[in-house]
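Student: I have a model open and would like to learn how to read it. Could you take me through it step by step?

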Amino acid sequence: MPHPGSPENSFEEQLWKSRIQGIMNDYENFIKNDLPYLIIPGKYSEYLKKLIRSLYEKINSSLDAIEDPELSSEVRALVLSGVTRYKISHAWHTILDMAQNTLDIPKDLYFFMDSIYERLGGEEVPYFIKLTLTALVPGTLDICKYVLRPFLINLRQAFDYLANKKAYVIFTTPSIIKNPIDWALLIHEAAHILEEEKLQIVEKFYPELQSEPYLGGHNLASTIMFPVEEAMPNWALEIACDIISTISCGPIFGYRLLDNFLQEEKEIYETHPPIKKRLELISNELERCGWEEAASDIRTKAERVPIADFIRKVPLPQYYMEIIGDVREKMKQEGIEYQCTPELNTRFKVISERLNDLKPCITVEGKSVDLKDLLNASEHVEDKLKESQEFKDFLADMIRLLTARDLYQKYKSTLSN
Amino acid sequence: MGMVMESAADHYRHLGATSLCSGLTIECLLSLEKYRATRNSSALRPTIPECQKFIQNTLAALKEEENTPYSIKRIYRELLTRKKVNKEDFLEGWKNVDEVISKIQKGEEPEERHIILSIKFLMKTISEFNDISEYLEKKLYASSWFTRELL
């Protein structure tokens, strides 16, 4: 090991310094030449652009801290390489990825998500929808807290700047984006944001889900074997979000989950409970909310898929009943339960008949159609039609019109107040 | 093979947690290396309390104690399994780093040998974390839409 405080700048050190400069030049050029012209949909577009610009300034002004001349050249080179390759480079590519892969999201999907999140009683929180090809299931996380901040811990000004920033990213897949009936799957993602930002029910039972200090309990084991009890906090969170989606929006979430993800599972995942166990809990909740027919339908369809014995025997999280109980109570307090009634069933029939004929469904029998009614009725459309591009386009149009109408009504009521 | 029930969010979260571990290890290294050069306890960086918390969590994870943040447990499990590193070496290395930092904080002078061993251990550990980051990064960006620069 060289003498401490070695003054020489090794070739390696110079190399990494020039790489940092290269990355920062790319970042700066992106801000100057591309960012102003990116049309990122959603109401937080400008927020994201500002975050990207400010973060550049903060990273730039933090760089001196890792170039202490009193350190040995060997350590300086190691720190520079680590910080460059695994921190600044990761942060820069994540930012670029966020900016680029949020572009092709239909703005209707943002209207849909805004509407759903508002119905759940969520407070304003910046979020973005991002396309991903690397995973088949949607997911959500606050990119500032869980990704950018950990990357930038050695660049203190950037790290501190992100302390009070939020930017939830909802990762979704091309197949979900293309099929508006599957947008119902994203209700569960809105529930994740609601749970983390407002309800915080699950972390009462599983404190390890809280950031500690920013090492949350969440994680995935990948191909490494893990003790099943370590999966329980994640599973509890997923169950809570399934129940929030079901209580607030009815059977459509369960149906879409079944349609997209029911399969004979060969292994258990740390991130999500087995799909059949989720569908069972969703069916129970639907039954409680009066959706007996849908509950029985989902149960019957789920039973057709075999389940391995070792998966059947896997326990559910210890506190799952308490968590479900708290979710129910909270949803009741907030008045966002979506209960089945005979009138609603009749209404679904009328709406689905109109959908089968591709007839507009903004107002039916003199009453405004609610987004939840439209989604649930669309599940009853004939299977062949449901798969057709015409129907998918038509449903997207209906969702746009309903959300535009709701926005207009909200605007009018704000004016009158 | 069936559908893998892991989202991109899970992969990002894991990469973030691994990066945080290597970042805190870098902070430990910067503090100890600076102390080695100056022999002044003010060389310890302001991040030292976070580093100590991280070291405590790491030791607890390696000893497989309960109530350890799962993220650290998993990262170490990944290191031990994928990289076949020796758990005892890690335990001893982190204990040594912890003791050296504690002595400096108390105004005592740790043995030079212990400081050097700690610095070497931290340098090796940073590389191990970086290898895990690289593996996760490849997994995350396996089919990304843009051509990702690989340094």
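This is a predicted model: local features need pLDDT of at least 70, side-chain atom pairs count only at pLDDT 80 or more; totals for chains, interfaces and linings use all residues.

Student: How many bridges does β3(A) make with β1(A), and how many with β2(A)?

Tutor: With β1(A), strand β3 (residues 168–172) of chain A pairs in the parallel sense over five bridges. With β2(A), β3(A) runs antiparallel, and four bridges join the two.

Student: Are the residues on the two faces of β2(A) buried or exposed?

Tutor: To read this, look at the residues on each side of the strand in turn. On one side of β2(A) you find A:Gly139 and A:Leu141, on the other A:Thr140 and A:Asp142, and all of them are buried, so to speak covering is found on both faces.

Student: Now the helices. At what angle do α8 and α10 of chain A cross?

Tutor: For a pair of helices, take the approach of the axes, then the angle, then the residues that touch. The axes of α8 (residues 186–199) and α10 (residues 232–249) of chain A come within 8 Å and cross at roughly 110°. Angles of 65 to 115 degrees count as roughly perpendicular, and that is how α8(A) stands to α10(A). The crossing of α8(A) past α10(A) is right-handed.

Student: Which residues make that contact?

Tutor: From α8(A), they include A:Ile187, A:Ala191, A:Leu194 and A:Glu195; from α10(A), among them are A:Leu237, A:Cys241, A:Asp242 and A:Ser245. The residues of this contact divide into eight nonpolar, four polar and three charged.

Student: What about a loop residue: is A:Val137 buried or exposed?

Tutor: Check the place in the chain and the accessible area separately. A:Val137 sits in the loop between β1 and β2 of chain A. With a relative accessible area of 3%, A:Val137 is buried, because buried means under 20%. A:Val137 and A:Asn260 are 123 residues apart in sequence, and 9.2 Å apart in space, C-alpha to C-alpha.

Student: And how many helices and strands are there in chain B?

Tutor: Chain B has five helices and zero strands, which read along the sequence as α-α-α-α-α. Of the 151 residues in chain B, 60% are buried. Among contacts in chain B between residues at least 6 apart in sequence, 74% join residues at least 24 apart.

Student: Where is B:Ser7 placed?

Tutor: B:Ser7 is in the segment before α1 (8–38) of chain B. B:Ser7 is buried, with a relative accessible area of 2%. B:Ser7 and B:Leu140 are 133 residues apart in sequence and 9.9 Å apart in space, C-alpha to C-alpha.

How values were computed:
Residues are numbered from 1 along each chain as its sequence is written. Chains are lettered from A and ligands numbered from 1 in the order in which they are written. Side-chain values use heavy atoms; hydrogens and water are left out. Two strands pair if DSSP finds at least two bridges between them. Buried means under 20% relative accessible area, exposed over 50%, partly exposed in between (1.4 Å probe, protein chains only). Axes are lines fitted to C-alpha atoms, for helices over the stretch in contact, and angles run from 0 to 180 degrees between N-to-C directions. Angles under 35 degrees count as roughly parallel, over 145 as roughly antiparallel, 65 to 115 as roughly perpendicular and the rest as oblique. A crossing is left-handed if the near helix is turned anticlockwise from the far one by less than a right angle, and right-handed if clockwise. Contact means heavy atoms within 4.5 Å. Ala, Val, Leu, Ile, Met, Phe, Trp, Tyr, Cys and Pro count as nonpolar, Asp, Glu, Lys and Arg as charged, and the others, Gly among them, as polar.
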